[in-house]
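Reader: I am new to this structure. Please walk me through it with questions and answers.

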Amino acid sequence: MQAIVEQAGDAYEVAVVASDKPDAPGLAWAREHGIATFALSPKGIGKLAYEAAISAALREAGVEIVALAGYMRLLSDEFVAEWRGRIINIHPSLLPKYKGLDTHARAIAAGDEEAGCSVHIVTEELDAGEVLGQARVPILPDDDADTLAERVLAEEHRLYPRVLADFAAR
């Protein structure tokens, strides 16, 4: 999220930072940088009510594109339909390989020579939307999931803002 904000330039404006964790450090960082925030825990209110509240906050802030960053919840088909073609996400693999979790460990276990990250359009199917951009990282002989994750994360911070800028210019 910080890379998205810091690299926005004139390409896009971050209207609001939203989180399902009211104590998320990114919310405090956003407020310190003058960005509106929205936080709501989904506990006890149900997924659809929770997503309706998020959607209302996004609309109220004038959001045109939803850029997920570190959001680890599956979105409902209803939410995806409401924002169809306007939700993008970063995923720590070279999609369509290794959808879901534990991507770095899976790439190493498969004996892959490279890993990376992908920015894609969010659809109802997990990590299956159109890939808008990718960055590749070699898997080194002494890599474990953590060391590989560090190098992939550095590429995520370069790739995501660039792809978001291109997507916003469409």
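Author: Helices are DSSP runs of H or I with at least four residues, numbered from the N terminus. By that count, Val 80 lies in helix 4. Keep in mind that this is a predicted model.

Reader: What is the radius of gyration of the protein, and what would a compact globule have?
Author: The C-alpha atoms fill a box of roughly 50 × 35 × 35 Å along the principal axes. A compact globule with 170 residues would have a radius near 15 Å. The protein agrees with that, because its own radius of gyration is 16 Å.

Reader: What share of the residues is buried?
Author: Buried means under 20% relative accessible area. The protein exposes about 9400 Å², and carbon and sulfur atoms supply 52% of that area. Of the 170 residues, the buried share is 41%.

Reader: What share of the contacts joins residues at least 24 apart?
Author: Take the contacts between residues at least 6 apart in sequence. Among these, the share that joins residues at least 24 apart is 55%.

Reader: How far apart do the centres of the positive and negative side chains lie?
Author: The protein has 16 positive side chains and 28 negative ones.

Reader: Is Val 80 buried or exposed?
Author: Set aside its neighbours within four places in sequence. Val 80 is then in contact with Leu 75, Ile 87, Val 122, Thr 123 and Glu 124. Its relative accessible area is 0%, so Val 80 is buried.

Reader: What distance separates the C-alpha atoms of Val 80 and Pro 141?
Author: Along the chain, Val 80 and Pro 141 are 61 residues apart.

Reader: Which side chain makes a polar contact with the side chain of Ser 76?
Author: Ser 76 is found in the loop between strand 3 (66-68) and helix 4 (77-82). It counts as buried because its relative accessibility is 8%. Beyond four places in sequence, Ser 76 touches Lys 47, Leu 48 and Glu 51. The side-chain polar contact, at 2.3 Å, is with Glu 51.

Reader: Where is the cis peptide bond?
Author: Look at the loop between strand 4 (87-91) and helix 5 (103-109), where Pro 96 lies. Omega is about 15° at the bond in question. That cis bond joins Leu 95 and Pro 96.

Reader: Is Asp 102 buried or exposed?
Author: Asp 102 also sits in the loop between strand 4 and helix 5. Its phi is positive, about 55°, although it is not a glycine. The cut-off for exposed is over 50% relative accessible area. At 60%, Asp 102 therefore counts as exposed.

Reader: Is Asp 127 buried or exposed?
Author: Asp 127 is found in the loop between strand 5 (114-121) and strand 6 (131-138). Its phi is positive too, about 50°, and it is not a glycine. The relative accessible area is 9%, so Asp 127 is buried.

Reader: Which backbone oxygen lies 2.7 Å from a polar atom of the Thr 103 side chain?
Author: Thr 103 is in helix 5. It counts as buried because its relative accessibility is 4%. Leaving out neighbours within four places, its contacts are His 91, Pro 92, Ser 93 and Tyr 98. The backbone oxygen at 2.7 Å belongs to Pro 92.

Reader: How far apart in space are Ala 28 and Val 17?
Author: Ala 28 has its place in helix 2 (residues 25-32). At 32% relative accessibility, it counts as partly exposed. Ala 28 and Val 17 are eleven residues apart in sequence. C-alpha to C-alpha, the distance is 10.0 Å.

Conventions
Residues numbered from 1 in each chain as written. Predicted model: local features only at pLDDT ≥ 70, side-chain atom pairs only at ≥ 80, totals over all residues. Heavy atoms only, no water. Rg over C-alpha atoms; globule rule 2.2 N^0.38 Å. Buried < 20%, exposed > 50% of the residue type's maximum accessible area, 1.4 Å probe, protein only. Contact = heavy atoms within 4.5 Å. Areas by Shrake-Rupley, 256 points an atom, 1.4 Å probe, with all protein chains shown as cover. Lys, Arg positive; Asp, Glu negative; His and termini not counted. Charge placed at Lys NZ, Arg CZ, Asp CG, Glu CD. Helix = DSSP H or I, 4+ residues; strand = E, 2+ residues; numbered from the N terminus. Polar contact = N/O pair within 3.5 Å; in protein donor to acceptor, adjacent residues only side chain to side chain.
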